[in-house]
Amino acid sequence: MHRTTMAWLALGSAAILGGCGERTPQVPGQQAMTTGDVQKAALASYVKPGDLDEYYLFYSGGHSGQVFVAGVPSMRHIATIPVFAPYPGTGYGFDEATRKMLGEFTWGDVHHPALSKTNGDYDGRWLFVNDNANNRIARIDLRDLKTKQILGPVPNTMGNHGSSMVTNNSEYALVASRFSVPIGEKYVPLDQYSTKYKGAVTGIRIDPNTGNMSVGWQIMTPPFDWDLGATGKGPSTEWAFWTSYNSERATGKLESAASQRDKDYVAVVNWKAAEAATKAGKTFTSEGIPMIDPAKVPGVMYLLPCGKSPHGVDVDPSGQYVICSGKLQPTSTVFSFAKILEAIKNKDFEHETEDGIHVLEYDEIVLMEVPVGLGPLHTQFDGKGYAYTSLYVESAIAKWKLPPYEAGVDPKSLVVDKMPVQFNVGHLVTSHGDTEHPRGDYLVSMNKMSKGRHLNVGPSIPESSQLIEINGQKMVMTYEAFTEPEPHFAQLVHRDIIKPIEFYPKDESKNPNAVWTPAGAKVVRNAARKTVEGKVYAIRSYFEPGRIEVQEGDTVILHITNAEQQRDEIHGFGLTAHNLNAVIDPGETKTVRFVARTAGVFPYYCTNFCSALHQEMQGYLEVVPRGRPLLAYNAKGEMTWERRPTPPVASADASHGNGH
Ligand code: RUQ
Ligand code: CUA
């Protein structure tokens, strides 16, 4: 292992395990608080029952494939939004629409959620999240907090890590590949990695009205491992930035081989220029995608050197400064965007890579190397002139001053505060931290280890998230919460920005299979095709029909409408012994499909507690053995049964009571 790496890792574990250094307090989390401080902190995070939190925290669930929603400052978990993995709690992945959306995959690795923006501020419309594992990107609609689209796998891209970075007016969600693969050929032996393997930066176009994503263009890059990205703001709006590691182009023993060089690169990409080059046809095609070779299209991509294996890159709220942190170097480097433009204009290039990409002269563009501490990863902002950088090795958050700086300023003096966290912080997020107008009140530290700061739950323990107030000069830790694996990044957005609906209005339903009265329910069997298709009506507290007859071997398609028009009146459709649970929100219609393989009688029932008569909300699927006649169908193949009368007003059901 590289000497310096070793030293830092050793230092880090001493601080973590020993817990006796100056910086890490003996009893983790107790930052020498007086009783008064403790009371203040308790009140600061206390949201009394019935009161609302001020912020939504949308945080990635890592390899659980989900997104979690919590309230801030209480840190209470409010909801789970399944994205890349089935989730029976909301029936996600069981109905046809979501099953198709998931495709062959039953997991994903969510790293970086990004809210849609208008004029550089969160607009509360969509949340985009990446899948590092299967090269996909998903869109969650914030109208109902549900996943509406999964795009991908994105061609020519392996390991969609540097994503999803949303531009200032949500023109694009930008994506960069973590792993490089041969481009133009399916297979090239790994020993030709440094020349034949390529990475890619992808512009995923976002439809301004619907949010629908499509692949716009790609830029072919050298085979570096692109890590984290950031989009520009203000003067840098048309640009985006990605850190890389492994500019050594190594393929084995990366833990040392990829840390040989003193500096790796940050990609500086002009996405507007990439868009224009695509329109002008300056592309070649790979896997059906127009691809730009930046060596042949000047102005699209440059590289700037940044200290040792940089991880995070972030753009300050003014868009003037690009901050990049080398995880194997105890500084955060501040680049001036104006100087980057100058250097490009003046052709101040240090050299050109063997792939023909210009590397900017470091000294021409760097403003400051701020000695923030050990293992700096990610940076967020408060909108009051300060940056906050997570220190993985040191297990702390550093608060430091952004430019402008006075000439000759002591870099050490720029670090104005430090807060120990428990432990090994990865990402951190501040309120509206990725916008041009951060709110500067809260910061959440997302720590990779919690090392037993909770009731013992065995060897696999949750991650910890710590809430820190950043209103004053000094940071104050007020609360600690725990989550399922594994939060990476998050978005912290004021509750006024998010305006979800309460139910799906009947008038807006466009589903041709929706039924709004018991009279509308219908089951038809096509004997020749051995298919039964039904429209099922669900309301407190029954399914119509309450009995469905099919033949063994039939394919069964059921469209189930929850006819409620009241918030929280949810019905489930669980079919025993068939691995099936649809959960249907008020006013929603969902389609399920299965093959009735086994003869027998299989009860179906409502899986979501909906009323005092919820238990009674059940029915029977009769699967008649092959060769035995079906009894419920008329000559036209329509199932007949004794229907319930149409209720006068669905929601005026006295049985609701306190059944919830
Ligand atoms: S990464 S802990 Cu996947 Cu966002 Cu930095
Ligand atoms: Cu419907 Cu329980």
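Student: Which residues does Phe 573 touch, not counting residues up to four places away in sequence?
Tutor: First, some ground rules: residues are numbered from 1 along each chain as its sequence is written, while chains are lettered from A and ligands numbered from 1 in the order in which they are written. This is a predicted model, where local features need pLDDT of at least 70, side-chain atom pairs count only at pLDDT 80 or more, and totals for chains, interfaces and linings use all residues; side-chain values use heavy atoms, with hydrogens and water left out. Contact means heavy atoms within 4.5 Å. With residues up to four places away in sequence set aside, Phe 573 touches Phe 543, Leu 558, Ile 560, Leu 580, Asn 581, Ala 582, Ile 584, Tyr 604, Tyr 605 and Thr 607.

Student: How confident is the predictor, on average, in the protein chain?
Tutor: The score to look at is pLDDT, the predictor's confidence in each residue from 0 to 100. It stays under 50 over residues 1-28 and over residues 652-660. Still, 93% of the residues score at least 70, and the chain average is a pLDDT of 92.

Student: Which residues have the most contacts inside the largest nonpolar core?
Tutor: A nonpolar core is a set of buried Ala, Val, Leu, Ile, Met, Phe, Trp, Tyr and Cys residues joined through side-chain atoms within 4.5 Å. Buried means under 20% relative accessible area, exposed over 50%, and partly exposed in between, using a 1.4 Å probe and protein chains only. The largest core has 30 residues, and those with the most contacts inside it are Ile 548, Leu 558, Phe 573 and Leu 621.

Student: How many residues are in the second, separate core?
Tutor: This core includes Trp 242, Val 297, Val 300 and Met 301. Its number of residues is 25.

Student: Which residues are around ligand 1?
Tutor: A residue counts as near a molecule if one of its heavy atoms lies within 4 Å of it. By class, this shell has one nonpolar, eight polar and one charged residues; Ala, Val, Leu, Ile, Met, Phe, Trp, Tyr, Cys and Pro count as nonpolar, Asp, Glu, Lys and Arg as charged, and the others, Gly among them, as polar. The residues themselves are His 111, His 112, His 161, Leu 228, His 311, His 378, Gly 426, His 427, Lys 448 and His 488.

Student: Is His 112 buried or exposed?
Tutor: His 112 sits in the loop between helix 3 (96-102) and strand 4 (114-118); helices (H or I, at least four residues) and strands (E, at least two) are DSSP runs, numbered from the N terminus. Beyond four places in sequence, its contacts include Phe 128, His 161 and His 427. With a relative accessible area of 2%, His 112 is buried.

Student: How far apart in space are Met 101 and Leu 151, C-alpha to C-alpha?
Tutor: Met 101 is found in helix 3 and counts as buried at 19% relative accessibility. Met 101 and Leu 151 are 50 residues apart in sequence, and their C-alpha to C-alpha distance is 8.7 Å.

Student: Is the disulfide of Cys 306 and Cys 324 left-handed or right-handed?
Tutor: A disulfide is counted when a pair of cysteine sulfur atoms lies within 2.5 Å, and Cys 306 and Cys 324 are joined with S to S 2.0 Å. The pair links distant parts of the chain, with Cys 306 in strand 18 and Cys 324 in strand 20. The torsion about the S-S bond is about -110°, so the disulfide is left-handed.
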